[in-house]
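User: I have a structure open and some quick questions about it. Can we go through them one at a time?
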Amino acid sequence: MVKVDVKNSKSFTDEALFDKYLNKALEAFDVLDAENGAGNDFLGWKHLPSQTPSRMIADCEAIRDAWKSKGVDLVVCIGIGGSYLGAKCVIEALSHNFARELRRKDAAEVVFAGNNLSEEYLAELMDLAEERNVACIVISKSGTTTEPAVAFRIVKQFLESHYGKQEAAERIVAITDAHKGALKTLSDQEGYKSFVVPDNVGGRFSVLTPVGLLPIAVAGFPIDELIDGAKKAERALEVKSKDNPAVVYAAMRNLLFQECGKSTEILVNYNPKLTYVAEWWKQLFGESEGKDGKGIFPASVNNTADLHSMGQFIQEGSRIMFETVLHVDNARRSIVIESDPQNLDQLNFLAGKHVEHCNHMAELGTRLAHVDGGVPQIEVSIETLDAKRLGELLYFFEFACGVSAYTLGVNPFNQPGVEAYKKNMFALLEKPGYEEATKAIQSRL
Ligand code: PA5
């Protein structure tokens, strides 16, 4: 199970203060448990792991197999925010680093679109699609988000012109609201296979719904193991205790923020496969806590690479941050450094050692240096980076996020601030219905 260790933060506080924050986190735990806090109509994610019907897993796998039998080798997965980051982070974490270069054919390649409005990106996606056998998963809970809607219009037209309308409909799966929205209407009209994003699950908590599960299954990864891991975490974290890892994490990060002025949290990894876990985590915590003038700014670094770019700042710059180190106990592959008779690089002292041993020593050395430099640390560790442990980790962060946001005193499950840019964008694009806003914004230019 996911472990949390806060010993490298304790020198920045004292036991009594930590105990006070543990008690606050336990009160927040009660609110989440009793489901009587702000945003409590968005708690569907809490029991997703234990309540995922095996039918849903089978349905995702059936789509993977049907597309495979058509020879589909490229799946364009369209979505933004919570409608893409979960799938992206799991696929990146479980994929071979060089799967693309190795041209592995065991599963379709999943690429993402609808998460930006770059014309170059979409044009180059079409270049790729021209070379491949293509299908599409389009995900939008609201069905009205501009970025995925624009991308889907282009991909849909591509599929219809290349395969014909009927075959295109068999190559499109829509994941959206059960009852409303443009994507729901289109999907019903065109007869696409579709999955529902439950009403009570927000985008950033949706990785264990079809939003995450279908793209992950299509990419060839075992969604049953992901769910099993999450189920294990669900059972472990429902126990009210000062040792509950989600309570410990929520308590210490709130203490560091509220008592020590640490307003930035850096999620640190030592494995490039975790880069998008950090991106997913940033949305989860940023969108859940950053409101009402409150919240810890979530940032991330990928070490050891970023030690050579951000390391200086973390060691000696403004003392505004603490680190949460995502530690993985065991690598899944093995390379031992061999002795070299010439030893020109003077590395023979490492002969016989695993590369991961060096990675762990780099991690340990950095962590101690950062504590000495005034950067408190929390360790979140998993045994290895496989589907099961990843399921545990994702559920752990979701649960901890709920406890932490309630400890901070905000509603973890809304995101009112996301609308502000949309209003301006629609006004600038002269969307019908925005005439007054268009006049107002144009006068500011
Ligand atoms: O967390 C959220 O709810 C948002 O970030 C959404 O995931 C994002 O805006 C995409 O929304 P939708 O799925 O409705 O297109």
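User: Which helix is Lys156 in?
Analyst: Lys156 sits in helix α6, residues 146–163. Helices are DSSP runs (H or I, at least four residues), numbered from the N terminus. Bear in mind that this is a predicted model: local features need pLDDT of at least 70, side-chain atom pairs count only at pLDDT 80 or more, and totals for chains, interfaces and linings use all residues. Residues are numbered from 1 along each chain as its sequence is written, and side-chain values use heavy atoms, with hydrogens and water left out.

User: Is Lys156 buried or exposed?
Analyst: Buried. Its relative accessible area is 14%. Buried means under 20%, exposed over 50%, and partly exposed in between, with a 1.4 Å probe and protein chains only.

User: What is Lys156 in contact with, beyond its neighbours within four places in sequence?
Analyst: Lys165, Ile172, Leu186, Glu190 and Tyr192. Contact means heavy atoms within 4.5 Å.

User: New topic. How many aromatic pairs are there in the whole structure?
Analyst: The search finds 17. Rings of Phe, Tyr and Trp (its six-membered ring) pair if their centres lie within 6.5 Å; planes under 30 degrees apart count as stacked, over 60 as edge-to-face, and the rest as tilted.

User: Where do Tyr249 and Phe285 lie in the chain?
Analyst: Tyr249 is in helix α11 (residues 245–260) and Phe285 in helix α12 (residues 275–289). They are 36 residues apart, so the pair links distant parts of the chain. Tyr249 is buried at 0% relative accessible area. Phe285 also counts as buried, at 0%.

User: Which residues form the aromatic cluster?
Analyst: Phe29, Trp45, Phe205, Tyr395, Phe399, Tyr406 and Phe413.

User: What lies over the face of Tyr163?
Analyst: Arg171, at 3.8 Å from the ring centre. Lys88 lies over the face of Tyr276, at 4.7 Å. The rule is NZ of Lys or CZ of Arg within 6 Å of the ring centre and within 35 degrees of the ring normal.

User: Now the ligand. How many residues surround it?
Analyst: 13 residues, and the closest are Ser83, Ser140, Ser142, Thr145 and Glu287.

User: What about Thr145 and the ligand?
Analyst: A polar side-chain atom of Thr145 lies 2.5 Å from a ligand oxygen atom. The protein buries 87% of the 380 Å² that the ligand exposes when taken alone. Those areas come from the Shrake-Rupley method with a 1.4 Å probe; for residues, only the protein chains shown count as cover.

Notes
Helices (H or I, at least four residues) and strands (E, at least two) are DSSP runs, numbered from the N terminus. A residue is near a molecule or strand if one of its heavy atoms lies within 4 Å of it. A polar contact is a pair of N or O atoms within 3.5 Å; within protein, one must be able to donate a hydrogen and the other to accept it, and residues adjacent in sequence count only if both atoms are side-chain atoms.
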